[in-house]
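Dear colleague,

Please find below the structure for your records. My notes on selected helices and residues follow, and I would be grateful if you would read them alongside the model.

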Amino acid sequence: MSVEEADLLVHGGEILTVDATGSVIPGGAVAVRDGEIIAAGPESDVRASYRAAEEIDATGCLVLPGLVNTHTHLAMTLLRGVADDVDLQDFLARVVPRENELLSPGTVAAALRVAIAESVRAGVTTALDMYWFHEAAEEVAREAGWRLLTGPTFMDVPGPPDSRSYDTRLDWARAGLAARTPAPGTRPTVFAHSAYTLDPEQLTAIAALAREYDALLHIHAAENATEVAVVVERYGKRPVELLDSLGLLGPDVLLAHAVDLTDAEITALSRTGTAVAHCPVSNLKLGCGIARVPELLTAGVTVGLGTDGAVSSNTLDLLGAVRAAALIHKASGDPTAVSAEQAVRMATIESARALGLGDRLGSIEPGKRADLVVLDLGRPHLTPRHDPWSMLAYSASSADVRDTIVDGRVLMRDRALLTLDENAVLDALAAIA
């Protein structure tokens with residue numbers, strides 16, 4: 001048998017594939033070429049077919065798919081800690097004026113570098129980022145080799161940070177979407193902030209723009225009861241009802257939060273194939289409540305996980321969101337409400353599906369992008385190990401991540417960041433803040 005060349009071989013660890021059957025490969029190996037997984041299986045089998053110039057010895061580690069953050073505002077690292085212990089409405093009242101004062105392409109870039117450093121250390125390899133000055137964010141992500149889905153954001157508020165009016169924003173967004181070629185493992189994205197910062201006519205136009213470019217449409221919806229009441233007072237319908245009536249739900253739509261839902265709204269999400277980004281830590285911290293995730297899952301709605309921004313959750317640690325998602329729904333009295341495996345899948349394959357990228361991300365299978373995390377198991381809190389799903393959901397933390405790989409490129413090895421000067425980016429953001 002001939003031996004083929006690969007770019008990278010990750011070997012010796014236990015591989016949690018997160019495939020359809022939940023396969024676990026002890027003493028496994030993953031071969032990578034041109035940013036793609038070309039083989040995953042027992043180390044002896046993979047080594048018999050592939051050799052690589054670069055290797056990572058994962059002995060004593062768990063190898064899992066890169067985590068996918070389906071809802072965040074990454075450059076909010078700039079404002080971490082300025083709006084704590086308040087509800088959503090007071091949070092917005094504090095944060096929006098500060099954004100108008102501080103945000104520019106330069107400050108967003110500085111904040112993005114810190115957010116990427118934090119995310120890579122937490123094993124997050126992909127994020128959907130709704131924020132201003134997305135071009136600056138994209139450039140930083142390209143330089144760091146990190147997978148970022150972002151695009152034009154619509155929020156019709158006085159004096160937005162980029163000074164674009166809603167009308168000029170549509171033309172600008174169309175030109176940007178027409179000019180871009182999505183990188184492997186990404187897709188075009190369009191962001192409509194919410195039904196309380198955009199009116200129905202605006203929402204309809206933004207959705208049409210997204211459909212024109214086969215883009216994912218991402219929107220906040222039903223984050224708390226006050227938001228629902230505001231939208232009902234203005235338009236006579238609850239947020240999800242309004243979006244449904246406008247034809248804005250569907251398989252290329254991802255709702256952030258979706259905490260305050262009725263049975264009929266859950267049915268509508270299921271009927272239309274609309275996905276939800278569950279942000280349990282942010283929802284708890286802002287007092288929004290607990291989303292009806294068990295009911296969403298029972299209805300067949302795709303539910304991914306998000307951290308939200310580093311102001312509303314104070315961290316970009318998606319493993320923390322995994323633990324929260326596995327725990328808070330047990331408050332119903334049902335310890336099986338969201339299982340450890342379901343919570344881990346929410347942060348990997350289900351998050352990838354929520355982005356419309358389940359065929360490219362979210363599991364360790366040949367043909368998918370080579371986004372891998374190597375988790376160091378030689379820790380007291382991870383010993384002994386009986387079940388990898390339970391260990392990840394209930395015991396592991398971002399501090400256990402040793403290596404992070406995106407598109408076959410090693411961004412962190414032995415806990416050292418390779419594509420960012422960590423001290424420099426921290427100093428730069430601290431100086432701005």
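Throughout this message, contact means heavy atoms within 4.5 Å. This is a predicted model, in which local features need pLDDT of at least 70 and side-chain atom pairs count only at pLDDT 80 or more, while totals for chains, interfaces and linings use all residues. Residues are numbered from 1 along each chain as its sequence is written, and side-chain values use heavy atoms, with hydrogens and water left out. Helices (H or I, at least four residues) and strands (E, at least two) are DSSP runs, numbered from the N terminus.

Individual residues in strands

Ile25 belongs to strand β3, which covers residues 24-25. With a relative accessible area of 15%, Ile25 is buried; the term buried denotes under 20% relative accessible area, exposed over 50%, and partly exposed in between (1.4 Å probe, protein chains only). Neighbours within four places in sequence aside, Ile25 is in contact with Gly13, Glu14, Ile15, Thr17, Ala40, Gly41 and Pro42. The C-alpha atom of Ile25 is separated by 9.8 Å from that of Leu62, and these two residues are 37 apart along the chain.

Thr72 is in strand β8 (residues 67-72) and is buried, at 0% relative accessibility. A polar atom of the Thr72 side chain lies 2.9 Å from the backbone oxygen of Asp308. This is a polar contact, that is, a pair of N or O atoms within 3.5 Å; within protein, one must be able to donate a hydrogen and the other to accept it, and residues adjacent in sequence count only if both atoms are side-chain atoms. Not counting residues up to four places away in sequence, Thr72 touches Asp308 and also Ala127, Leu128, Asp129, Met130, Thr307, Gly309 and Leu316.

Helix pairs

The axes of α3 (residues 105-121) and α4 (residues 134-144) come within 8 Å and cross at roughly 40°. Axes are lines fitted to C-alpha atoms, for helices over the stretch in contact, and angles run from 0 to 180 degrees between N-to-C directions. Helices α3 and α4 are therefore oblique to each other; angles under 35 degrees count as roughly parallel, over 145 as roughly antiparallel, 65 to 115 as roughly perpendicular and the rest as oblique. On the α3 side, Pro105, Val108, Ala109, Leu112, Arg113 and Ile116 meet Ala136, Ala137, Val140, Ala141, Glu143 and Ala144 of α4. By class, this contact of α3 with α4 has 10 nonpolar, no polar and two charged residues. Here Ala, Val, Leu, Ile, Met, Phe, Trp, Tyr, Cys and Pro count as nonpolar, Asp, Glu, Lys and Arg as charged, and the others, Gly among them, as polar.

For α5 (residues 166-179) and α6 (residues 200-212), the axes come within 11 Å and cross at roughly 10°, which makes α5 roughly parallel to α6. Tyr166, Leu170, Ala173, Arg174 and Leu177 of α5 make the contact with Gln202, Ala205, Ile206, Leu209 and Glu212 of α6. The contact of α5 with α6 has seven nonpolar, one polar and two charged residues.

Val281 lies in α10 (residues 280-285) and counts as partly exposed, at 28% relative accessibility. Leaving aside neighbours within four places in sequence, Val281 is in contact with Ser313, Gly320, Ala321 and Ala324. Helix α12 (residues 318-328) is mostly covered, with eight of its 11 residues buried; among them are Ala321 and Ala324. At the start of α12, a side-chain oxygen of Asp317 reaches to within 3.1 Å of the backbone nitrogen of Leu319.

With kind regards
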